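Hello,

Here is the structure I promised to pass on. Please have the sequence and the model open while you read the notes below.

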Protein chains: 2
Amino acid sequence: MKAVILAAGEGRRIGAPRKGRPKPLMRLLGLPLILRSVLTLKEAGIKDIVVVVGYRGDLIKERIGDGRRYGVRITYVENPNWKEGNALSLLSARGKVGKRFLLLMADHVFSPEIIRRLSLRRPAPGEAIVAIDSSPAEYIDMEDATKVLLKEGIVRGVGKELKDYNAVDCGAFMITEEVMEYAEKVVEAGKDSLNHVMNSLSMEGRLKAFDIGEEFWIDVDTEEALKIAEKLLLNNLIKPTDGFISRVLNRPVSKRITRWLVNTSLTPNTLSIISFVICLISAALFSIGNYISFLIGGLLAQFTSVLDGCDGEVARLKFQSSRYGAWLDAVLDRYGDAAIVLGIIYGLWNYSANPNVWLVGYVALVGSLVSSYTATKYDELIRKTRDSTWRFGRDTRLFLVMVFSILNELYLFLVFIGVLSNLVSLRRLYIMRKATV
Amino acid sequence: MKAVILAAGEGRRIGAPRKGRPKPLMRLLGLPLILRSVLTLKEAGIKDIVVVVGYRGDLIKERIGDGRRYGVRITYVENPNWKEGNALSLLSARGKVGKRFLLLMADHVFSPEIIRRLSLRRPAPGEAIVAIDSSPAEYIDMEDATKVLLKEGIVRGVGKELKDYNAVDCGAFMITEEVMEYAEKVVEAGKDSLNHVMNSLSMEGRLKAFDIGEEFWIDVDTEEALKIAEKLLLNNLIKPTDGFISRVLNRPVSKRITRWLVNTSLTPNTLSIISFVICLISAALFSIGNYISFLIGGLLAQFTSVLDGCDGEVARLKFQSSRYGAWLDAVLDRYGDAAIVLGIIYGLWNYSANPNVWLVGYVALVGSLVSSYTATKYDELIRKTRDSTWRFGRDTRLFLVMVFSILNELYLFLVFIGVLSNLVSLRRLYIMRKATV
């Protein structure tokens, strides 16, 4: 299946012409808007993309190219009449698309889930499907939005000026080839916007709706909308597996760092390595064995915990996620954890000469590593029943390192981790038993 | 889909009547033959089973019951004429089966893979499929076997006395309802064995073949065949993920222990716990810190490594595998590993008072746990490219514990494990990188 992205507009409201580049090339968290659409399509499995250009199409072609370096195939179509209605842009793609295709606006930002789900829909021949939002968030500009009147899943009217409506058009469609022919007739009749086409189609009962539910989308028409889009994408980074500390303490900070990092050329894997090196520095500080070194070591440990979120965040925002990256991160985390525990053991040994620290430290070390091991196995086996509150993951461990460092009670930390992390593994065994007997 | 098991025969050749129980109740590695067929069918997803009984059907019903405790539904059909041809047994199941069903002989032992694959076949209406072995192993009794003549995937003749043949009938079929009607006509014409029915069917070109390939099967007709079946099932326990030590040293021993264990009531999970307790005893011995305790500790470590195979072996042979069991085993293995390394460190510290053992031991401990962690992640992510030679798994580690204990070089063991296990994790990172970039 192919997709068509309409990228012919000028973007006057956002001041694109003044800045000398068309709106599709405006950057959002490190990526031009249009590249974000392209990579979202790729994630949904659509690798054959037609881009309709108009205003400064040369700049878009130069920036994005034939798509090969992004693992997709992009062909360009010119719409010389881009100043007129955008149905003309759609029609310029005629003959380049198959029986059905996805249609996106280059200046709309979607949660990738919307595109993925829409791409799985199968419209009947002669029909189209429009993604609609039946409970638009307060940041959606209702004045400028295209309204939709929905009755029993079928659209009965489309338009900016619609008085009677119950949903908003999100700017993503599934179109069939018959609808392309139909669009041509509508345009010939003098109505040249996509809204005209969709409205006519809806009058005939041929426009179905796909409700996006709780997912987010926004039409990036203004500088303000661009900022909101940034915020939406950053908020979307919270993962269901995030532990309490991660959710409440680390993500809010890491999001801010990530917002800056996406504009650098640092790759997620480089970030994983930087985070690991900071772990080693923290461990080295602990091993010195005095309160000041404990204190700085503890603060660094919490910092590396925050930074540990950034690699994944940058990866997701810039579509650079990879299985290798996830793995590198996981393995470096284990070595980082082990280094910090060793640093603490060695530091306490220097500090107090208490030989028990070795034994207590080993229990903490084993507990920490085995609980990461059981977490992996546990997630793999019973994904549904997992609850993040009891994870006692790396975020909690490193946060406790900091707290106990500040209190100068690192020996207690080792005891604490030793008891808790092993209990967590035992609890997982117990839950697994109940869940699978 | 249902399955029919023919279990009406007497089993005179194997001396069943003399022992007072029908052949389907003869025990093979802890399970009656017929129960093995039932549980194999269950594993292939077939939970609705019709058992045709004749000779001492009362004993079979009493032993197996309605199948509820095995998670299947068993209905019994009596064939009062069990002394005559076995096609009569098949016909007694008429009206109890659907459009197509699997047909097994209770006294045949199959690799579960044969049943699983055969159950996925779809015969055309009016046709049947027979599982055939085109390169029978030397233990197959060719005199007693039913021969098959195969031409281009279609059977052209079936019979014990067939002169011209190129395969052997394995005693497993997929039958359609039309073939049941056909069988009735063949029996009415006076030919009352399954071989007669299949031969007639083949004459009409309506019997297709399913080649079992390299999988094993055997018709358990004699005491000798029973022993061979036992051997085949035990040899089938070797896993593709087995490391070198496991394959060459541990399995041959664990198989023998397992052959005994299946006749006890010890469950796989109990065996996992026993193996773990022996690990802890080994660790305690190491911690004492003299050569004799090292020696016994080392031998026990290797023994627990062998025993570690038995829980899984018993589970597979008695169809008691569970996700919880696999997990319990894995988690106990990690704690067992950690206990032994800690025991060695403590023992060496007692023995030599060399403070370096703590640091070296720490590296070994981390290496051993992280390499188990990476093994899980690695298997999960790239199952195909994994090669068992480089696993450096638990089997190798515990074998080395024994070797270095005997040599009284446990310090060297820690160095060795520390270097090797961490290198293995690094190698996995490298391979992952190449495989997924």
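In helix α8 of chain B, the buried residues are B:Ile245, B:Ser246, B:Asn250, B:Arg251, B:Ser254, B:Lys255, B:Thr258 and B:Leu261. Buried means under 20% relative accessible area, with over 50% called exposed and the range between called partly exposed (1.4 Å probe, protein chains only). Helices and strands are DSSP runs numbered from the N terminus: H or I of at least four residues for helices, E of at least two for strands.

This is a predicted model, in which local features need pLDDT of at least 70 and side-chain atom pairs count only at pLDDT 80 or more, while totals for chains, interfaces and linings use all residues. Residues are numbered from 1 along each chain as its sequence is written, chains are lettered from A and ligands numbered from 1 in the order in which they are written, and side-chain values use heavy atoms, with hydrogens and water left out.

More on α8(B). The helix runs over residues 244-261, 18 residues in total, and reaches 24 Å from first C-alpha to last, close to the expected 26 Å (1.5 Å times one less than the number of residues). At B:Asn250 the helix bends by about 50°, and B:Pro252 follows within four residues. The bend is the angle between axes fitted to the seven residues ending at a position and the seven starting there. The cover over the buried residues of α8(B) includes α7 (223-235), α9 (268-288), α10 (291-317) and α13 (394-406) of chain B.

B:Ser305, in helix α10 of chain B, is buried at 8% relative accessibility. Leaving out residues up to four places away in sequence, B:Ser305 touches B:Asn250, B:Asp395 and B:Leu398 (contact means heavy atoms within 4.5 Å). B:Gly243 sits in the loop between α7 and α8 of chain B and is also buried, with a relative accessible area of 8%. The C-alpha of B:Gly243 is 7.6 Å from that of B:Thr396, although 153 residues separate the two along the chain.

Now chain A. There are 14 helices and 13 strands in chain A, and its C-alpha trace spans about 90 × 55 × 35 Å along the principal axes. Of its 437 residues, 58% are buried. Among contacts in chain A with a separation of 6 or more, 75% join residues 24 or more positions apart.

Two helix pairs in chain A are worth a look. The axes of α5(A) (177-188) and α6(A) (194-203) come within 10 Å and cross at roughly 110°, which makes the two roughly perpendicular (65 to 115 degrees; under 35 is roughly parallel, over 145 roughly antiparallel, the rest oblique). Axes are lines fitted to C-alpha atoms, for helices over the stretch in contact, with angles from 0 to 180 degrees between N-to-C directions. A:Val179, A:Tyr182, A:Ala183 and A:Val186 of α5(A) meet A:His196, A:Val197, A:Ser200 and A:Leu201 of α6(A).

For α10(A) (291-317) and α11(A) (323-352), the axes come within 12 Å and cross at roughly 175°. α10(A) is therefore roughly antiparallel to α11(A). Residues of α10(A) in this pairing include A:Tyr291 and A:Phe294, and those of α11(A) include A:Leu348 and A:Tyr351.

Lastly, A:Pro22 is in the loop between β1 (2-7) and β2 (27-28) of chain A and is buried at 0% relative accessibility.

Regards
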